[in-house]
Amino acid sequence: MLRSSQPLTGPNRKRCREDEMLLGTVLDEGERGFIIDTRSAQAAKQARMTGGGTEPKSSYPQWKRLHWPLERGRPLQESFIKLVEACNDASINMDRWLSRLESSRWLSHVKAALSTACLAAQCMDREEASVLVHGAEGTDTTLLVTALAQVILDPSCRTLGGFQGLLEREWIEAGHPFHLRCARSAYSHARLKQEAPLFLLFLDCVWQLSRQFPFSLEFSERLLLTLFDNAYASAYGTFLCNNEKERRESTHSLWAWLNQPGEKTKYLNPLYSHNALVIWPSVEPQSIQLWQGLFFRWIRSPQYLDEAWAEIQRLLEGN
């Protein structure tokens, strides 16, 4: 699996021999690969007017381009805001709340992200083909798809340590602009142009996987909630700034804190059992659920859930 930004072909359809050679070396003679573009065909076409574009078939004959558009900017942020507002409005009845949930389109974004990740995983697992994923800059929906595909395919990415390594590699070192995307959250009256909850969408998708495969992920929901909190407000430097260059200042690592013996056990899934198989999530509407542990966490006490997990842990340790 590869990831990149869009090719800079521009309106004159410029070629880059180095790019063509690089992708050519990935495939042997007779093999084929898939390019998954997370923009719509129309958006990719419009990008040529500002210097971007797509891979011409004539220059990349062994690669087949597939467009699976994912929202990444203002529409995604507005969806997040609408969902949070609905979840915190205790005055509406159930029918009205369900209507507002649907109109927020948040679960549609979750489904789209999982579907695209499954496509990438299927190309690799079932077609045994190489996959290149990109959108525009390659630091938003691109990372969402590549990271999710690896959780689906690779059991090592479902362990606590492996998942931390995945985040470091696919989000932090890959240059996801956390400072811009997670500047204010959905509770701010400000509407910043570049804010968008891409990382939250990823965490939500991982939660969907953990719900559908409760024994296959070594970490628990508490880890995902902690990562969400630290992406928006943290005493650690792991999610600070927009790239590694800006993050050069000496700061404490979130991972060093999480991996302390006294802390680590809090984030483990007591039901975990190593699963070497690929986990294929269902993306049917009835299978995608609202992440209540996050979106209802301030209006619904987690006391009973915490007590249940503690009892499960106690019983397992007793055996």
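Mentor: A salt bridge is a side-chain nitrogen of Lys or Arg within 4 Å of a carboxyl oxygen of Asp or Glu. Please bear in mind that this is a predicted model. In this structure, R17 and E20 form such a salt bridge, at 4.0 Å from N to O.

Trainee: Where do R17 and E20 lie?

Mentor: Let us take the general idea before the case. An α-helix has 3.6 residues a turn, so residues three or four places apart point the same way. Here, both R17 and E20 belong to helix α1 (residues 17-26), where they are three residues apart, about one turn of the helix.

Trainee: Is R17 buried or exposed? And is E20 buried or exposed?

Mentor: One compares the relative accessible area with two cut-offs: under 20% is buried and over 50% is exposed. R17 counts as exposed because its relative accessibility is 51%, whereas E20, at 13%, counts as buried.

Trainee: How many salt bridges does a search of the whole structure find?

Mentor: The search finds 12. One of them joins E127 and R32, at 2.9 Å from N to O. This pair links distant parts of the chain: E127 is in the loop between α5 and β4, R32 is in the loop between α1 and β2 (33-37), and they are 95 residues apart. Another salt bridge joins R72 and E137, whose closest N and O atoms are 3.2 Å apart. R72 and E137 also belong to a network of salt bridges with D140 and R181.

Trainee: Finally, how many of the 13 residues of α6 are buried?

Mentor: In α6, 12 of the 13 residues are buried, so this helix is largely enclosed by the rest of the structure. Among the buried residues are L143, L144 and V145. The elements against which the buried residues of α6 pack include β1 (2-4), α5 (106-125) and α9 (198-212).

How values were computed
Residues are numbered from 1 along each chain as its sequence is written. This is a predicted model: local features need pLDDT of at least 70, side-chain atom pairs count only at pLDDT 80 or more; totals for chains, interfaces and linings use all residues. Side-chain values use heavy atoms; hydrogens and water are left out. Buried means under 20% relative accessible area, exposed over 50%, partly exposed in between (1.4 Å probe, protein chains only). Helices (H or I, at least four residues) and strands (E, at least two) are DSSP runs, numbered from the N terminus. Contact means heavy atoms within 4.5 Å.
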